[in-house]
Amino acid sequence: GKHGKNVQHLYLTNCWELSNDATPIINKFGQKLRTLSLSNSWNLSDSGLELLSLPLCKRISLTNLRKIRSPGVLSLLSNSNINTITLSYCKSVGNDALIHPAWADIKYADFSRCTGISDEGFLAWTTFVNSNESREVDIDEDAMVIDNTIPASLSTGQFFSMKALFLNDCS
């Protein structure tokens, strides 16, 4: 029916049992959806992300999705218009998720506690950042990024267009 056809912001946060089977239902909202939160949906995996159809969605939160990896993130970014993504606590997302031109349109990214991402991935990611756009990046709390990334990126001017760079509690 027509129920839910005007929903623009869908928050399925802490739906622990939400799985890939929910993807067709989420897609029914996809034509108008601007914001989607799937945070703490522990059973959602790459194959679920790959099936999402979110043509107008601008913001997505994938915080603490334990089963997603780089292929799912890249598929989602490649097939959407997302400009804000939260991947905090997605510990299985690795450097290969950042080595892709799909990141060029991202204005805010949160990589907090993405311990699979290191200097190598973050440096590669900076090559896809459009230097004409302001960016905010959050890599708080024990991210494996810092030692080589900051000096190398500063020397090449990669961070000069960033609006904000959060590096809290990094060891």
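Where does arginine 34 lie? Select it: arginine 34 sits in the loop between helix 1 and strand 2 (35–37). Helices (H or I, at least four residues) and strands (E, at least two) are DSSP runs, numbered from the N terminus.

Before moving on, note that this is a predicted model, where local features need pLDDT of at least 70, side-chain atom pairs count only at pLDDT 80 or more, and totals for chains, interfaces and linings use all residues. Residues are numbered from 1 along each chain as its sequence is written, and side-chain values use heavy atoms, with hydrogens and water left out.

**Stop 1: around arginine 34**

Arginine 34 counts as partly exposed because its relative accessibility is 33%; buried means under 20% relative accessible area, exposed over 50%, partly exposed in between (1.4 Å probe, protein chains only). Show its contacts (heavy atoms within 4.5 Å). Leaving aside neighbours within four places in sequence, arginine 34 is in contact with Gln8, His9, Leu56, Cys57, Lys58 and Arg59.

**Stop 2: the cysteines**

Select cysteine 57. Its relative accessibility is 0%, so cysteine 57 counts as buried. Cysteine 90 is also at 0% and therefore buried. What is the closest cysteine sulfur to that of cysteine 90? It belongs to cysteine 114, 5.6 Å away, too far for a bond. The structure holds zero disulfides, a disulfide being a pair of cysteine sulfur atoms within 2.5 Å.

**Stop 3: the core**

Next, the largest nonpolar core, which has 39 residues. Such a core is a set of buried Ala, Val, Leu, Ile, Met, Phe, Trp, Tyr and Cys residues joined through side-chain atoms within 4.5 Å. Leu36, Leu38, Leu62, Ile85, Leu87, Trp103 and Phe111 have the most contacts inside this core. Helix 1 (23–29), helix 3 (70–78) and helix 4 (119–126) each give two or more residues. Helix 3 gives the most, with four.

Center on tryptophan 103. Not counting residues up to four places away in sequence, its contacts include Val73, Leu74, Leu77, Trp125 and Phe128.

Then color helix 3. Seven of its nine residues are buried. They pack against helix 2 (46–51), strand 3 (59–61) and strand 4 (84–86).

**Stop 4: asparagine 95**

Finish in the loop between strand 4 and strand 5 (108–110), where asparagine 95 is found. Asparagine 95 counts as buried because its relative accessibility is 15%. A polar atom of its side chain lies 3.3 Å from the backbone nitrogen of glycine 121.

Methods. A polar contact is a pair of N or O atoms within 3.5 Å; within protein, one must be able to donate a hydrogen and the other to accept it, and residues adjacent in sequence count only if both atoms are side-chain atoms.
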